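Dear colleague,

I am passing on the structure below, followed by notes on what turned up in it. Please read the notes with the coordinates open beside them.

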Amino acid sequence: MANLAAPAYQHTPQLAFQRLLDVLYTLRLECPWDKKQTMESLRHLTIEELYELTDAILEQDYPEIKKELGDVLMHLLFYARIAEEEGHFDIVDVLNAICDKLITRHPHIYADANANTEDQVKSNWEAIKLKEGNKSVLAGVPKGLSALVKAYRIQDKVRGVGFDWEDKRQVWEKVEEELAEFKTEFNIETTEAIDREKAEAEFGDLLFSLINYARHIGINPENALERTNKKFISRFTYLEQKAAENQQKLQDMSLEEMDVYWNEAKKIKK
């Protein structure tokens, strides 16, 4: 068996890639766990690895990004190996297919099309996809995406064919319009029952318009919300720690007492 730890494997991307293939194929043949895996059994693990990668990216933790990129790459090669064993395709087919796709979708680089701006590139991309047989511009939006990410991708997709607001001020006007419509569904000053179905529909419209505005000003709403989630977790964890240090139980504290620690956390945990 080849010495897979040999330094020669690391001298070029090609050799490093081959080293990973050799390691993976060896494990697939000899490791009881790796031998049992199927595409279905790996699926949830791949999703976890992708989330870990995106967490590391938000934290700008480059050592962790490097590690998680390796984990994701290993999973991708694992799927290709399983497909090869089943006679469907191999990693060479996968690599050539993505190269062919990128070349076809970038005629401004590999052919004579013009695209001097990001919007022109996206427009060309969507037009080519339709020529390739896609029945809708939105066909490429995965059904399983979270609602927030899906909204962003839908808006970005239709932008590629020109279905978009021309001015961000128009988008903000739409946000204000949707906020007003949402507010008409209830009165915050009373306890009067609301039509929850209508309120939910208007709230969805409001969120969609806010996501659209974020896109127009260059903010990724998923990243923005996740940063806020992390900030809240950090501050609340501080609150819990301070309460514990002072022998206090959160359920016995007033909101005013908890706010003391929360405001401390805001100064420390930006």
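Arg215 is buried, with a relative accessible area of 8%, where buried means under 20% relative accessible area, exposed means over 50% and partly exposed lies in between (1.4 Å probe, protein chains only). Arg215 belongs to helix 10 (residues 196–216); helices here are DSSP runs of H or I with at least four residues, strands are E runs of at least two, and both are numbered from the N terminus. Apart from neighbours within four places in sequence, Arg215 is in contact with Tyr152, Gln155, Asp156, Arg159 and Asp164, contact meaning heavy atoms within 4.5 Å.

Please keep in mind that this is a predicted model, in which local features need pLDDT of at least 70 and side-chain atom pairs count only at pLDDT 80 or more, whereas totals for chains, interfaces and linings use all residues. Residues are numbered from 1 along each chain as its sequence is written, and side-chain values use heavy atoms, with hydrogens and water left out.

The helix packing comes next. The axes of helix 1 (residues 13–30) and helix 4 (residues 62–85) come within 10 Å and cross at roughly 60 degrees, the axes being lines fitted to C-alpha atoms, for helices over the stretch in contact, and the angles running from 0 to 180 degrees between N-to-C directions. That makes helix 1 oblique to helix 4, since angles under 35 degrees count as roughly parallel, over 145 as roughly antiparallel, 65 to 115 as roughly perpendicular and the rest as oblique. The crossing of helix 1 with helix 4 is right-handed; a crossing is given that label if the near helix is turned clockwise from the far one by less than a right angle, and is left-handed if the turn is anticlockwise. On the helix 1 side the residues that meet helix 4 are Phe17, Leu20, Leu21, Leu24, Tyr25 and Arg28, and their partners in helix 4 include Leu73, Leu77, Phe78 and Arg81.

Phe17, in helix 1, is partly exposed at a relative accessible area of 26%, and, leaving aside neighbours within four places in sequence, Phe17 is in contact with Leu77, Ile91 and Leu95.

Helix 4 also packs with helix 3, at an angle of about 160 degrees and with the axes 9 Å apart, and the two are therefore roughly antiparallel to each other. The crossing of helix 3 and helix 4 is left-handed. Among the residues that make this contact are Met39, Leu42, Glu52 and Ile57 of helix 3, together with Ile65, Leu69, Phe78 and Ala83 of helix 4. Glu52 is partly exposed, with a relative accessible area of 35%, and its C-alpha atom is separated by 33 Å from that of Glu202, 150 residues apart along the chain.

As for aromatic rings, which ones pair across distant parts of the chain? A search of the whole structure finds four aromatic pairs, a pair being rings of Phe, Tyr and Trp (its six-membered ring) whose centres lie within 6.5 Å, with planes under 30 degrees apart counted as stacked, over 60 as edge-to-face and the rest as tilted. Phe232 and Trp262 form a tilted pair, 5.1 Å centre to centre and with 55 degrees between the planes. This pair links distant parts of the chain, as Phe232 is in helix 11 (residues 221–245) and Trp262 is in helix 12 (residues 255–268), 30 residues apart. Phe232 is partly exposed at 47% relative accessible area, whereas Trp262 is buried at 19%. Phe232, Phe236 and Trp262 form one aromatic cluster.

Finally, the backbone deserves a look in two loops. Most residues other than glycine have a negative phi. Gln60, however, has a positive phi of about 55 degrees although it is not a glycine; Gln60 is placed in the loop between helix 3 (39–59) and helix 4 and counts as exposed at 56% relative accessibility. Gln247 likewise has a positive phi, of about 50 degrees, and lies in the loop between helix 11 and helix 12, where Gln247 counts as exposed at 70% relative accessibility.
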